Amino acid sequence: MALIRDLAVQGAQMCLVVLLAPLVTGLVRKMKARLLRRQGPPILQPYRDLLRLVHKDAVLAEDASWLFRAAPYLIFAATWVAAALVPTFGAGLLFSWSADLIAIVALLGSARFFLALAGMDVGTSFGGIGSSREVMIASLAEPAMIMIIFSLALLARSTQLSTIAEYMLSPRVGLRVTLGLAFFSLMMVGLAENARIPVDNPATHLELTMVHEAMVLEYSGRHLAVIELAGSLKLLLYISLIACLFTPWGLAPAGADWRVDATGTAAYLTKLIVACAALAVFETTIAKMRVFRVPTFLGAALMLGLLGTLLLFVSRGL
Amino acid sequence: MPIVFSLDCIALLLALSVVAMSLERRSAATPVIYGASLLTSVLLLSAGLLHLLDGSAPAGSTLPLGLPWIGARFRVDPLSSFFLVIVNLGAAAASFCGIGHGRHEQAPQRVLPFYPAFLAGMNLVVLADDAFTFLLSWEFMSLASWGLVMAHHHQPENARAGYVYLLMASFGTFALLLAFGLLAGPNGGYAFETIRASHPAPLFAALVLLLVLVGAGSKAGLVPLHVWLPLAHPAAPSHVSALMSGVMTKVAIYAVIRIIFDLLGPPVWWWGIVVLALGGASAVMGVLYALFENDLKRVLAYSTIENIGFIFVGLGLAIAFRADGFEVAAVLALTAALFHVFNHMLLKSLLFFGSGAVLGATGERNMEALGGLIHRMPATALAVLAGCVGISALPPFNAFASEWLTFQAILLSPQLPQWGLKLLVPAVGALLALSVALAAACFVRIFGIAFLGRARTEQARTARETDRFSRVAMLGMAALCLLAGILPGFVIDAIGPAVQGVMGSHMPSQSRVAWLSIIPIAQSRSSYNGLLVFIFIALSATMAVLAIHTLASRKTRRAPIWDCGYPDANPAIQYTAGSFAQPIRRVFGTLLFRAHEEITMPLPGDMAPARLSVTLHDVVWDVLYAPLAGAVGFAADRLNILQFLTIRRYLSLVFFALVTLLLVLAIWR
């Protein structure tokens with residue numbers, strides 16, 4: 001019985017993330033437009049875009065290989081699996097032990113690996129520029145993320161997300177400098193990983209500034225839809241991750257009954273809306289930086305993470 | 001019993017090498033020699049595997065060779081049998097690949113006699129049980145591989161590679177000789193058994209550690225002793241490069257583990273600092289070198305340096321934990337290192353086979369001259385893609401599992417009491433994470449430039465798929481990589497006896513954990529399940545494909561490339577290997593490599609192209625080796641006059657030398 005319940009929670013989580021992901025994108029877009037005093041597209045527009053795209057023919061470049069066609073599905077699958085393992089409304093995910101936080105980040109790394117390859121498959125200069133910049137950004141963002149994980153794991157004595165979330169809910173946590181450093185570092189990494197301003201602009205098609213969009217330039221139809229969905233999923237994943245790690249209030253514990261799950265869901269939705277609003281405000285108040293300023297930005301994130309970890313190594317037992 | 005059998009097999013390999021000399025000009029020689037090597041490797045592999053898994057007691061055997069008072073001692077214990085598996089799995093795959101790949105060889109008589117001898121040398125090192133036999137086998141292995149490096153000696157860069165390799169190998173053996181001299185002590189107990197029983201004084205132990213790191217570290221490719229490796233490994237034929245990079249460096253790791261963990265006695269905590277620092281530096285430097293290199297095989301050789309660094313970090317952690325008495329953590333770190341030894345052997349062999357296939361099909365090692373090979377060489381591309389994903393430590397492939405274990409070991413290190421370690425370990429963790437992320441960039445670059453995109457030259461456009469043997473060898477290795485990645489528990493359990501032999505305990509059995517997860521310490525602390533991750537990815541990808549194809553459209557049209565409206569049919573418009581690395585060069589290269597870019601713009605109205613030139617300095621070479629070579633040259637010039645003296649002066653020199661030596665002896669006593 002407990003197994004069926006856990007399975008249901010896990011299944012609900014998998015469906016929830018996929019269904020909510022375009023909503024998050026739409027919400028951010030709408031809020032940003034309103035902040036700029038524009039009307040903006042309807043919140044549900046991303047869903048319509050996806051529907052429209054999947055029904056179109058996919059146009060493939062003549063030089064595209066099988067990798068170009070397989071990559072969107074692989075990217076989507078890896079992102080979806082990662083997103084399904086980050087607690088959203090409840091911590092009692094059946095398979096949460098199959099991948100800890102390090103593995104979740106590495107899964108996103110797999111997705112990025114294939115995205116960068118897909119960018120180079122057709123042999124265009126824009127694809128190359130996007131891939132090359134993406135791996136440069138990742139080469140700093142990933143170590144920063146690992147350092148954040150180290151900080152949290154050393155505090156909670158675990159790399160399992162559910163255990164860390166439980167630790168954050170418990171009174172043992174207290175106010176710690178390391179947590180603050182990790183929080184800021186994670187925000188910076190999240191912005192870079194999701195190709196948001198100030199690192200990349202999701203709305204631009206100005207060739208010289210784009211990173212993510214340059215890689216997916218040759219995609220169309222259902223392939224583009226899958227990639228866009230994977231992108232939205234990744235944004236949702238990062239918001240869930242930050243919410244689960246730093247604001248785990250309302251997270252339903254494992255084995256709770258459905259009423260607790262319902263409050264958990266309500267809390268999660270509130271957190272999502274707040275996060276979208278914060279993202280929108282942040283993006284409208286800041287300008288995109290030059291590509292070669294990004295390493296400084298991410299280097300700062302890495303150093304913050306390392307500093308947080310070092311503090312823990314040094315202060316342990318004092 | 002297994003030791004006698006293994007020695008018989010090795011004798012067979014040596015005999016093969018003699019046979020190869022007599023067969024040298026026959027066309028049948030290639031399949032015969034490689035086939036026989038394959039068979040022998042498989043026999044040795046099964047002997048090693050059986051001994052490792054059935055947990056039988058160590059068995060020794062003494063041959064009446066070598067030093068008269070101890071003979072040539074050989075012994076197989078779990079650590080040797082684990083490395084026997086490593087050596088012979090790599091050797092079997094390389095021999096299989098060689099049956100097909102060796103046919104392209106222009107001068108087989110330069111490869112065939114050395115090949116079985118090289119295999120025999122590596123096996124002998126792993127089995128040797130006294131210092132004399134060990135050093136003799138070590139030098140035999142070095143010389144046989146040197147013969148293979150010099151197989152294509154007509155190319156000037158190969159001749160230079162052979163020269164540098166010979167120098168570094170002799171220097172390394174010299175360091176090991178001194179290390180064993182210190183270990184044996186004044187009574188000359190050269191048998192490992194005697195060495196193990198006597199613990200040297202702390203000062204001598206520290207000296208031995210440093211000498212071993214120089215001697216075996218130079219063979220493994222530790223920064224800053226790595227300079228020969230990217231020259232020598234690519235110079236050999238590709239399946240031999242696979243052996244050198246994938247297997248011979250592991251024999252060097254074996255030497256490090258055997259001496260430091262087994263023979264040297266209880267460690268001191270600061271040894272860990274030395275090993276960790278060297279490992280972290282190698283990991284990052286190796287991958288950065290790889291990112292700025294355009295030669296396919298040299299990129300792979302540099303990536304070997306990175307992975308060796310990764311393994312040394314594991315070893316350093318194990319030393320530090322062991323010195324401080326944290327047995328569980330030490331066992332975890334050593335298991336992670338040995339797991340990575342296994343993974344890197346598989347992955348690097350696979351990738352070198354792939355580079356050999358590309359070299360055979362196009363005659364090119366320069367990435368800038370390739371492109372679009374995925375269309376012409378689909379099986380090679382698939383196998384190399386698996387290798388690239390694997391070596392970038394991405395799930396669900398194997399290197400991720402060993403990387404994950406290493407990170408878990410790092411997370412246990414706040415327990416360490418010493419401040420030096422407390423500060424160093426997280427920094428090394430950051431370096432490892434950096435090197436892993438950069439490795440992904442490096443292998444996106446290799447695969448993207450060489451296999452994807454459009455063909456940049458005529459050779460790449462007309463490339464043909466490689467031979468059947470190489471394809472089977474590559475796909476087989478790729479399958480093993482995936483298998484080790486989704487079922488890491490079985491590999492960890494197989495490593496268990498080897499760790500037990502060195503440390504006295506091993507990690508809890510993993511293959512009996514529910515759902516085949518791996519749980520290094522406790523379920524609540526961390527767990528990873530490669531199998532489920534793989535199944536989930538496969539299932540969700542299939543579900544997405546099916547859903548979209550049945551519910552929406554599955555129609556596909558082919559059209560010219562779009563490229564944001566500016567398509568250009570010229571393949572030269574594509575990103576090159578150099579331009580791909582440019583952002584990373586700007587971020588990391590200016591400091592470590594003094595990278596400098598210079599743009600020459602033509603005058604207005606001039607139709608000449610603008611040129612970008614990049615200069616990189618190898619800091620290690622400039623700082624360490626160039627002054628050394630200069631000093632040696634200077635001394636040689638000054639001493640040159642000694643060659644033109646009269647006989648009287650020579651006699652007086654001899655006399656004074658004799659008197660000085662006798663005086664030294666008299667004062668010493």
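Strand S1 (58-61) of chain A is joined by four bridges to strand S3 (residues 556-559) of chain B, and the two strands run parallel. Within this pairing, A:Val59 has B:Arg557 of S3(B) as its bridge partner. Strands are here DSSP runs of E with at least two residues, helices are runs of H or I with at least four residues, and both are numbered from the N terminus; two strands pair if DSSP finds at least two bridges between them.

The model is predicted, so local features need pLDDT of at least 70 and side-chain atom pairs count only at pLDDT 80 or more, whereas totals for chains, interfaces and linings use all residues. Residues are numbered from 1 along each chain as its sequence is written, while chains are lettered from A and ligands numbered from 1 in the order in which they are written.

## The side of chain A that touches chain B

In the contact between the two chains, 76 residues of chain A meet 70 residues of chain B, where contact means that the C-beta atoms of two residues, placed from the backbone, lie within 7 Å. The elements of chain A that give two or more residues to this side include S1, helix H2 (45-55), helix H3 (66-84), helix H4 (101-121) and helix H9 (221-246). H5(A) gives the most, with 18 residues.

By class, the residues on this side of chain A divide into 45 nonpolar, 18 polar and 13 charged. In this division Ala, Val, Leu, Ile, Met, Phe, Trp, Tyr, Cys and Pro count as nonpolar, Asp, Glu, Lys and Arg as charged, and the others, Gly among them, as polar.

## Two helices of chain B

Helix H15 (residues 378-391) and helix H19 (residues 468-486) of chain B have axes that come within 9 Å and cross at roughly 30°; that angle makes H15(B) roughly parallel to H19(B), a term that covers angles under 35 degrees. The axes are lines fitted to C-alpha atoms over the stretch in contact, and angles run from 0 to 180 degrees between N-to-C directions. The crossing of H15(B) past H19(B) is left-handed, that is, the near helix is turned anticlockwise from the far one by less than a right angle.

On the H15(B) side the residues that meet H19(B) include B:Ala383, B:Gly387 and B:Gly390, and on the H19(B) side they include B:Arg471, B:Leu475 and B:Cys481. The contact of H15(B) with H19(B) has eight nonpolar, three polar and one charged residues.

Strand S4 (residues 596-600) and S5(B) are joined by five bridges and run antiparallel, with B:Arg611 of S5(B) as the bridge partner of B:Thr600. Strand S5 (residues 611-615) of chain B is hardly covered, as the count of buried residues among its five residues is zero; a residue is buried if 20 or more other C-beta atoms lie within 10 Å of its own, exposed if 12 or fewer, and partly exposed in between, with C-beta atoms placed from the backbone.

## Backbone details in loops

A cis peptide bond, with omega about 10°, joins A:Ile197 and A:Pro198, and A:Pro198 is placed in the loop between helix H7 (177-193) and helix H8 (212-215) of chain A. In chain B, the peptide bond from B:Val223 to B:Pro224 is cis, with omega near 5°.

B:Trp515, a residue other than glycine, has a positive phi near 65° and is exposed, with 12 other C-beta atoms within 10 Å. B:Arg594, also not a glycine, has a positive phi of about 45° and is partly exposed, with 13 other C-beta atoms within 10 Å.

Terms used
Angles under 35 degrees count as roughly parallel, over 145 as roughly antiparallel, 65 to 115 as roughly perpendicular and the rest as oblique.
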